[in-house]
Amino acid sequence: MNTSTSVAPALSASAMTSPILEVRDLHVHFTLASESPLPWAKGPVLKAVNGVGFDLMPGETLGVVGESGCGKSTLARGILNLVPVTSGSVKWLGQEMVGANKQQWMQLRRDVQMIFQDPLASLNPRMTVAQLIGEPLHTHEPQLSKDAVQQRVLETMEQVGLVRSQLNRYAHEFSGGQCQRIGIARALILQPKLIICDEPVSALDVSIQAQIINLLKDLQTSMGLSLIFIAHDLAVVKHISHRVMVMYLGRCMELAPKQALYQSPQHPYTQALLSAIPVPDPEFERAKQVQLLHGDLPSPIHPPSGCAFRTRCPIAQAVCAEAVPPLHSVGNGTQVACTQV
């Protein structure tokens, strides 16, 4: 990835006044089917998101990383009410959205859009590019004429690097990177304030990943967008984020500014993830010490007591099993959920 163009844009002082999104103690639990033959027996509860909270400032990018199954995508869907929230608070511009009515959510969806992981699967194969990108306008701005919709579609296509001659083509005629550009254009057409990117580059080649990352950064600068960028790859997250949240088994383990997290990770889980990032220097790669995590990822149906990470933590103590460690500040804007740090 081209690091010369990969530095996240600086946040202005005026942009740091108050958060546009406030998430507090968010829980998203799913009740699974019971294995009991008794029809009234309740099934086990899967705790996909188990008490996550953060603030997002205007123009900021929050990276969200962690292993598969840690709750990253469920967190995004819970924020957007795509899955029901069990408990907690989600405030958009100070307005509580948990329990909001249909009209309130319709207004929010103008301001908050989502880009999905699989670009081809997220696009209707029976619709042309013009129809795919213009569909949100028919829902949210039905008063627009056909010509006005087409003009907005063409302007948005130009923003993401698509051309007019592609208007009447179908998604299957495009590469993965081009399909993701269509998905980005579809998210941008309503001129939102926040875009949640759910692993938008994980299905793409490395060179295409860099193009999409740089496109998102350029759009953020030109439109003043806030981003929540979900990914497995900490190296990718580093190039676009202002702050990074590390999740494990539905909980936040560490939340820190990008530089602080990558230069001086505090939580043992963050340290293990960063040590696994490959370095394009054979000598350095051979010499570095990788912190291997022992044991399997616990089940979110039966998570460990106390700290969720304690069963794989190299510095775990008996006290770690007694209570869930809250996020606490350790300086430099870093918050860590660990009693040993």
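## Glu141 and its partner

Let's start with Glu141, which is buried, with a relative accessible area of 11%. This is a predicted model, and in it the side chains of Glu141 and Arg152 meet in a salt bridge, with 3.3 Å from N to O. Glu141 sits in the loop between H3 and H4 while Arg152 belongs to helix H4, so the pair ties together parts that are 11 residues apart in sequence. Arg152 counts as buried too, at 18% relative accessibility.

## Other salt bridges

In total, the structure holds 10 salt bridges. As a reminder, side chains of opposite charge can pair when their charged atoms come close. Take Asp198 and Arg77, whose side chains meet in a salt bridge at 2.7 Å, N to O. Asp198 is part of strand S7 and Arg77 is part of helix H1 (residues 72-79), so this pair links parts that are 121 residues apart in sequence. Asp198 counts as buried at 2% relative accessibility, whereas Arg77, at 24%, counts as partly exposed.

Then there's Glu22, which forms a salt bridge with Arg24; the closest N and O atoms are 4.0 Å apart. Glu22 is partly exposed, with a relative accessible area of 22%, and Arg24 is partly exposed as well, at 38%. Salt bridges with shared partners join Glu22, Arg24 and Asp55 into one network.

## Helix H5 and what covers it

H5 is mostly covered, with 10 of its 13 residues buried. Among the buried ones are Cys179, Gln180, Arg181, Ile182 and Leu188. What does the covering? The cover over the buried residues of H5 includes strands S6 (112-115) and S7 (194-198), along with helices H3 (129-140), H4 (146-159) and H6 (206-223).

Gln113 is found in strand S6 and counts as buried, at 15% relative accessibility. Leaving aside neighbours within four places in sequence, Gln113 is in contact with Arg186, Ala187, Leu190, Pro192, Leu194, Ile195 and Ile196.

His140 lies in helix H3, and at 18% relative accessibility His140 counts as buried. Not counting residues up to four places away in sequence, His140 touches Met106, Arg109, Arg110 and Leu190. Leu190 therefore turns up in the contacts of both Gln113 and His140.

## Helix H9

Helix H9 (residues 268-275) is mostly covered too, with seven of its eight residues buried. Those buried residues are Pro268, Tyr269, Thr270, Ala272, Leu273, Leu274 and Ser275. Their cover includes helices H7 (234-238) and H8 (258-263), plus strands S9 (243-248) and S10 (251-257).

## Cysteines

How many disulfides are there? A search of the whole structure finds zero. Cys70 is in no disulfide, and its nearest cysteine sulfur, that of Cys252, is 10 Å away. Cys197 is in no disulfide either; there the nearest cysteine sulfur belongs to Cys70, 16 Å away. Both cysteines are tucked away from the surface: Cys70 counts as buried at 2% relative accessibility, and Cys197 is buried at 0%.

## Loops and a surface patch

Which backbone angles are worth a look? Most residues other than glycine have a negative phi. Leu93, however, has a positive phi of about 50 degrees although it is not a glycine. Leu93 is found in the loop between strand S4 (87-92) and strand S5 (95-96), and at 47% relative accessibility Leu93 counts as partly exposed. Asn332 also has a positive phi, near 60 degrees. Asn332 lies in the loop between S11 and S12 and is exposed, with a relative accessible area of 71%.

Val330 lies in the loop between strand S11 (328-329) and strand S12 (335-336). Val330 is partly exposed, at 34% relative accessible area. Together with Ile315 and Val341, Val330 forms a nonpolar patch on the surface, and the three have about 180 Å² of accessible area together.

Terms used
Residues are numbered from 1 along each chain as its sequence is written. This is a predicted model: local features need pLDDT of at least 70, side-chain atom pairs count only at pLDDT 80 or more; totals for chains, interfaces and linings use all residues. Side-chain values use heavy atoms; hydrogens and water are left out. Buried means under 20% relative accessible area, exposed over 50%, partly exposed in between (1.4 Å probe, protein chains only). Helices (H or I, at least four residues) and strands (E, at least two) are DSSP runs, numbered from the N terminus. Contact means heavy atoms within 4.5 Å. A disulfide is a pair of cysteine sulfur atoms within 2.5 Å. Patches are made of residues with over 30% relative accessible area and no salt bridge: like charges are joined within 9 Å, nonpolar side chains (Val, Leu, Ile, Met, Phe, Trp, Tyr) within 5 Å. Accessible areas come from the Shrake-Rupley method with a 1.4 Å probe; for residues, only the protein chains shown count as cover.
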